[in-house]
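Student: Could you walk me through this fold, one question at a time?
Tutor: Gladly, let's look at it together.

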Amino acid sequence: MTSDNKKKKYSNVDEVYKRLQSYLASSPYAEGERIPPEREIAESLNVNRTTLRAAMHKLVESGYLERRIGAGTFTKVTTTLLKNIDNQLGNFKPSELVEIRIMLEPQIAMMAATNASLRDIDLLKEISEVESDEEALKIESSDIDFNEHLAKISGNGLLQRLYNDVSTVRRKLKPEISSDTNQLQTSEKNNKAISYTDAERWLMHQQKVIQALENHLAKAAEEAVRNKLADLLFNQFSVIKRADIKRED
């Protein structure tokens, strides 16, 4: 076998994605640590560099990796967490994910309101810039980014790390959306913990959260997030919970 043929042995993006996950999970990379260059990883995994780049892009979208222009690619979560999530995903219930969000997100917003700078608020506004007819999955992705930044500006490093773990699970439990209605699939098989399918309502609530932060009103920020969750998530929670209970029976 020639060296060129050997490099092309693994050229399917999904297959390379799984190999790359295993590679990262078995490596002692800490959160925020730079991973080796693409050329080096491609040689280690015996994969095509173009396909590797596509697989790495999927990991960036999933929240495992972060690309920094001119600096390289860095881990966003510890490789131990990545390994645990991949090994234990079947044990996470969507209803548990919703419950932990209900517990954490209002408190995070309250803490962020006391620390938010003008730069932080500008970034939150930028993250919230979605069109009123935007697809539900784009809204979900923007909401994850929004809440991660709130956790970052809360001023509590332990809380930020905890919430990043929650976000990693949330990205991993990607929802399935009906192509006909752009709505949450609620069958037992497809039910996931997506939050928002109404962009206009989501934007309205985001603006209220941002206004509370602009005025450094901690209780108002907490209340704004609670109202947002009540309006856009609670009505789905009973469906999610019933599906989880049915799967256990």
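Student: How many helices and strands does the secondary structure of the protein chain come to?
Tutor: Before counting, note that this is a predicted model, where local features need pLDDT of at least 70, side-chain atom pairs count only at pLDDT 80 or more, and totals for chains, interfaces and linings use all residues. Residues are numbered from 1 along each chain as its sequence is written, and side-chain values use heavy atoms, with hydrogens and water left out. Helices (H or I, at least four residues) and strands (E, at least two) are DSSP runs, numbered from the N terminus. From that end the elements run α-α-α-α-β-β-α-α-α-α-α-α-α-α, which comes to twelve helices and two strands.

Student: What share of the 249 residues of the protein chain counts as buried?
Tutor: Buried means under 20% relative accessible area, exposed over 50%, and partly exposed in between (1.4 Å probe, protein chains only). For the 249 residues of the protein chain, the buried share is 45%.

Student: How are α6 and α11 oriented to each other?
Tutor: Two packed helices are described by the angle between their axes and the distance between the axes. Axes here are lines fitted to C-alpha atoms, for helices over the stretch in contact, and angles run from 0 to 180 degrees between N-to-C directions. Helix α6 (residues 94-113) and helix α11 (residues 218-232) have axes that come within 7 Å and cross at roughly 150 degrees. Angles under 35 degrees count as roughly parallel, over 145 as roughly antiparallel, 65 to 115 as roughly perpendicular and the rest as oblique, so α6 and α11 are roughly antiparallel.

Student: Which classes of residue make up the contact of α6 with α11?
Tutor: Contact means heavy atoms within 4.5 Å, and the residues involved include I102, M110 and A113 of α6 and A221, V225 and L229 of α11. Ala, Val, Leu, Ile, Met, Phe, Trp, Tyr, Cys and Pro count as nonpolar, Asp, Glu, Lys and Arg as charged, and the others, Gly among them, as polar. The tally is nine nonpolar, one polar and five charged residues.

Student: What is the orientation of α3 and α4?
Tutor: The axes of helix α3 (residues 38-45) and α4 come within 10 Å and cross at roughly 105 degrees. In the contact, E38, R39, I41 and A42 of α3 meet R49, L52, R53 and M56 of α4. By the angle, α3 and α4 are therefore roughly perpendicular.

Student: Is N46 buried or exposed?
Tutor: N46 sits in the loop between α3 and α4. Its phi is near 60 degrees, a positive value in a residue other than glycine. Most residues other than glycine have a negative phi. With 17% relative accessibility, N46 counts as buried.

Student: What is the relative accessible area of H216?
Tutor: H216 lies in the loop between α10 and α11, and its phi is near 55 degrees, again positive in a residue other than glycine. H216 is partly exposed, with a relative accessible area of 43%.
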